[in-house]
Amino acid sequence: MNRTVLVAVHTGRGAAIESARLVINRLVDAGINVRVLDTECEEIGCGGAEIVPADPGAAKDAEVMIVLGGDGSLLRAAELARPAGTPLLGVNLGHVGFLAEAEVADLSAAVDSVVAGRYDVEERMTIDVRARQNGHLLADTWALNEATVEKQERMLEVVAEIDGRPLSRWGCDGVICATPTGSTAYAFSAGGPVVWPEVEALLMVPISAHALFAKPLVVSPRSTLAVEILPDTPGGVLWCDGRRKFELPSGTRVEVRRGAEPVRLARLHGVESTGAPFTDRLVAKFELPVQGWRGRARP
């Protein structure tokens with residue numbers, strides 16, 4: 001059976017380009033068909049690889065999509081991989097890299113694992129996002145990390161809603177609606193809780209709210225979150241994963257619910273990767289102090 005792997009790279013990083021060439025050569029030598037995006041092939045050099053348009057069709061029937069870069073590169077790649085159900089395998093060349101499965105030092109071992117088929121696939125919740133004003137659809141999109149209603153110039157006046165019932169009115173810089181995957185991204189920076197990826201939940205986190213009750217909320221994955229920008233107040237902007245932007249006039253209502261399609265991530269076997277237990281990932285990424293830990297007593 002023919003095997004196909006799509007390789008994507010942050011072409012703004014010289015190290016990423018060199019790593020991409022190594023990955024492509026190793027896969028081709030192993031008899032695996034390799035695809036690269038037409039927007040990246042000139043920088044990479046594409047000997048032995050198939051060049052495909054940078055649209056969702058690029059990942060169709062691909063076994064896995066290897067992404068070399070940071071979390072931003074993974075989020076960009078998810079736009080291609082999600083419609084096809086193709087798992088993403090991230091190699092971190094950025095700073096934090098919470099979504100990545102391996103560090104660049106583990107690149108050779110990661111490629112070997114792909115060639116040997118030594119990986120599992122896990123699904124991450126997404127959110128579907130719609131924005132309407134007076135019945136007119138302004139946005140119909142999705143996010144893996146978060147959807148954020150933000151001010152443009154002046155403070156927003158919003159009413160937050162959970163499952164069709166009003167919760168509170170806030171004057172604020174914005175409101176984040178996040179997944180557990182996004183709990184370590186923008187929501188974390190705004191004071192939200194860290195939620196383990198296997199927990200199914202939705203988060204609502206106000207940003208700099210001028211209100212007595214403006215705490216982060218964790219609600220059921222079956223809930224519908226809504227944020228209404230009050231009429232006769234300044235409009236705002238909707239950001240999804242920090243990539244897709246939509247203008248929100250006064251009176252806009254943004255609804256967020258569990259996404260119909262997950263994003264799939266490849267998890268490697270036998271590699272010293274960031275795909276270790278999530279607790280270990282937190283410790284490594286945030287350099288948390290754990291000196292003195294003795295662990296569970298052995299019998």
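This is a predicted model: local features need pLDDT of at least 70, side-chain atom pairs count only at pLDDT 80 or more; totals for chains, interfaces and linings use all residues.

Colleague: How many bridges join β1 to β2?

Modeller: There are 4 bridges between β1 and β2 (residues 33–37), and the two strands run parallel. β1 also pairs with strand β4 (residues 64–69), again in the parallel sense, over 5 bridges. In that pairing, V7 stands opposite I66 of β4.

Colleague: Which way do the side chains of β1 point?

Modeller: The general idea is that side chains in a regular strand alternate between the two faces of the sheet. In this case T4, L6 and A8 point one way from β1, while V5, V7 and V9 point the other way.

Colleague: Why is β1 described as largely enclosed by the rest of the structure?

Modeller: Buried means under 20% relative accessible area. In β1 (residues 4–9), 6 of the 6 residues are buried, so the strand is largely enclosed by the rest of the structure.

Colleague: What is the order of the strands in the open sheet, and what is the sense of their pairing?

Modeller: The 6 strands follow the order β15-β14-β13-β10-β17-β18, with antiparallel pairing. The edge strands, β15 (217–219) and β18 (244–248), each pair on one side only. From one strand to the next, the twist averages 15 degrees. Within this topic, β10 (residues 146–151) and β13 (residues 174–178) are joined by 5 bridges in the antiparallel sense, and T148 has I176 in β13 as its bridge partner.

Key: Residues are numbered from 1 along each chain as its sequence is written. Side-chain values use heavy atoms; hydrogens and water are left out. Buried means under 20% relative accessible area, exposed over 50%, partly exposed in between (1.4 Å probe, protein chains only). Two strands pair if DSSP finds at least two bridges between them. Axes are lines fitted to C-alpha atoms, for helices over the stretch in contact, and angles run from 0 to 180 degrees between N-to-C directions.
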